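Subject: Structure handover

Hello,

Here is the structure I said I would pass on.

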Amino acid sequence: MVDDLAEQAGVSVEILETLSSDLPAGAGQLYRRRIHRKKHGGIREVFEPKQPFGAINKNLNRSFTSLLSYEAPDHVHGFVRGRSTISNASQHLAKKCVLRMDLEDFFPSIDAATIKTSLHDQGYEGKATDLAVNLVTIGGKLPIGLSTSPFLSNLAFLSTDHTLAEYAQSEGLSFTRYVDDLTFSGDVTDRHSADIARILDDAGWSVNTRKTAFMRRGGPQYVTGLYVGESAGPRIPRKIKRKMRWISHVISRFGYETYMEEFGGEDERMHRRRLLGWACYIAAVEPDVGYPLLREFENLVPIPEWEWDEEDLHDLL
């Protein structure tokens, strides 16, 4: 089994074992650790793997997704091919009430023991399991930034996914999960919120109560950043559309360089690739708004020497 794991990682057993033993003290050599301050307090650690660790981790992720028997439940929309924030929001259109609940420190709350159990349930045994766990965790936790973390987070949450889905069905509620963002809609009450929090607590997950929100019909209803108050489909928030139209107007009137230097574009890192990415996302939700923006940015914003190629742009989207 260890030989199989090494083959999946694309390296020899010796390299795999060395990397596994070096990883706990590998900051600087194997990965960079960056600290981001959260908007409402606290910090988020993001790990950027260096080579060859990054390539090995990507190889392991490809093998996990192709070999393991995990099948994402219908309500899971994060890190699932063919699903997105748009498909997630589309399940909650024009509902009487939308309840949003957020999990506290989702990735780091998944520890090495949980990953070991998940891999063991998938057929990994003995030393191969220990090596795999060492290669996908840092400091005994699932880190933000490794290629393997998204898939493994879904695998670790699978049992809770099923429990929450069964509860929602029994209560006549629609339910979706996008990574750590849980959304329930329908005739939602305080009792449902308490029941869901209890289910999560019993399963070892913590709710970020600061982000729990009841959004009732007639008021703002947003799911994964999209407005869901209309039955016709999710919508881009008005403030985003206004901002992107304003950017387009400023660039067309004063030029891209002036926008970047005098209107705050550089501060917000609104370079060509990011502007095109925003326009493409808006077009995916509201084509009549996004496609004109996309054409304008393509024509108005110059292509810099460092611009990534078309394949990189598709990866962003």
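Predicted model: local features only at pLDDT ≥ 70, side-chain atom pairs only at ≥ 80, totals over all residues.

Residues are numbered from 1 along each chain as its sequence is written, and side-chain values use heavy atoms, with hydrogens and water left out.

Helix 3. Helices (H or I, at least four residues) and strands (E, at least two) are DSSP runs, numbered from the N terminus. Helix 3 has 15 residues (53–67) and should span 21 Å at 1.5 Å a residue, which agrees with its end C-alpha atoms being 21 Å apart. The expected span is 1.5 Å times one less than the number of residues. Among the buried residues of helix 3 are Phe53, Ile56, Leu60 and Phe64; buried means under 20% relative accessible area, exposed over 50%, and partly exposed in between (1.4 Å probe, protein chains only). The partners that the buried residues of helix 3 pack against include helix 1 (2–9), strand 2 (43–49) and helix 7 (149–156), where contact means heavy atoms within 4.5 Å.

Aromatic rings. The whole structure holds 13 aromatic pairs. Rings of Phe, Tyr and Trp (its six-membered ring) pair if their centres lie within 6.5 Å; planes under 30 degrees apart count as stacked, over 60 as edge-to-face and the rest as tilted. Phe106 and Phe107 make a tilted pair, 5.7 Å centre to centre with 55° between the planes. Phe106 counts as buried because its relative accessibility is 3%. Phe254 and Phe263 are stacked, because their ring centres are 5.4 Å apart and their planes at 25°. Phe254 is partly exposed at 40% relative accessibility.

Regards
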